[in-house]
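User: Hi! Could you walk me through a few helices in this one?

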Amino acid sequence: MSFFHQDGTHDGDTAADIVAKHLSESADELVLAVRRDARTLLDNLPSETLEVLWTAGAQYMASFKGTSGSEWTRTVIGLCDARLAVKAGVRPLTGADVEDGWGCRDAVITEIERAEFLAAEVREALVDCARHCTPDLAFRVLLSTIVNDASDRSLSPEQYTRMETIGSALHYGEFVVDSVEFLVEEEPPAPVNSH
């Protein structure tokens, strides 16, 4: 979903062109991770829910006119397969790259439900993703959605701390949860005692 950003039109004429360009420039591990996520989404969620998640999680996603969430997700899997087919000996994902986050499911769902500034259908799709796909995938889509829906939004320091805790439990690197740090509202300064 992060492939679709403000400058995405420079990466290709169609959504598939944009994904293919990014995959061609990406490390094998990223291509495998994108394929894993897309397969997990396709196998566990209805097409309408996929459309909600792609639209919310991608900054500049083309409309689904003429296609569906399921068809588009299948296209992404096919593009990953094509990219992986040109290279021999691609190693499977291991370690933190295969973390599914089931131990964090309740915490992830709680954070989704607390994100009341997101549309109800987006929160519902994210909860479905946490329950039926993996909490890890739902949490990453939540972070992307928060960034994309950032206008006039803020996170409390407590919210951000909870998100950091989830990210740590999921073995994320430093730039995953940090993507929403700019939305943390500053604590007001303590009043100065003039006496």
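Predicted model: local features only at pLDDT ≥ 70, side-chain atom pairs only at ≥ 80, totals over all residues.

User: Great. Let's start with H8. How many residues does H8 have, and how far does it reach?

Analyst: H8 runs over residues 157-169, so to speak a stretch of 13 residues. From first C-alpha to last, H8 reaches 18 Å, close to the 18 Å expected at 1.5 Å a residue.

User: Which residues of H8 are buried?

Analyst: Those are Gln159, Tyr160, Met163, Ile166 and Gly167. They cover an arc of only 120 degrees around the axis, which puts them on the same side of H8.

User: And what is exposed on the other side of H8?

Analyst: There you find Thr165 and Ser168.

User: What do the buried residues of H8 pack against?

Analyst: Three helices: H5 (105-114), H7 (135-148) and H9 (174-177).

User: What comes after H8?

Analyst: His171 follows H8, in the loop between H8 and H9. Its phi is positive, at about 65 degrees, although His171 is not a glycine.

User: Why point that out?

Analyst: Because most residues other than glycine have a negative phi.

User: Got it. Switching to H5: at what angle do H5 and H6 pack?

Analyst: At about 175 degrees, with the axes of H5 and H6 9 Å apart. H5 and H6 are therefore roughly antiparallel to each other, since angles over 145 degrees count that way.

User: Which residues make the contact?

Analyst: H5 brings Arg105, Val108, Ile109, Ile112 and Glu113, while H6 brings Arg123, Leu126, Val127, Ala130 and Arg131. By type, the residues of the contact of H5 with H6 are six nonpolar and four charged, with no polar ones.

User: Now H4, please. How many residues does H4 have?

Analyst: H4 has 17 residues and reaches 24 Å between its end C-alphas, close to the 24 Å expected at 1.5 Å a residue. Its buried residues include Trp72, Val76, Ile77, Leu79 and Leu84, and also Arg83.

User: What covers the buried residues of H4?

Analyst: The cover includes H1 (15-24), H2 (28-44) and H3 (47-57).

User: Last one: where is Ala88?

Analyst: Ala88 is in the loop between H4 and H5.

User: Is Ala88 buried or exposed?

Analyst: Exposed: Ala88 has a relative accessible area of 73%, and over 50% counts as exposed.

User: How far apart are Ala88 and Leu50?

Analyst: They are 38 residues apart in sequence and 31 Å apart in space, C-alpha to C-alpha.

Methods:
Residues numbered from 1 in each chain as written. Heavy atoms only, no water. Helix = DSSP H or I, 4+ residues; strand = E, 2+ residues; numbered from the N terminus. Expected span 1.5 Å × (residues − 1). Buried < 20%, exposed > 50% of the residue type's maximum accessible area, 1.4 Å probe, protein only. Arc of directions from axis to C-beta. Contact = heavy atoms within 4.5 Å. Axes fitted to C-alpha atoms, helices over the stretch in contact; angles between N-to-C directions. Parallel < 35°, antiparallel > 145°, perpendicular 65-115°, else oblique. Nonpolar A, V, L, I, M, F, W, Y, C, P; charged D, E, K, R; others polar.
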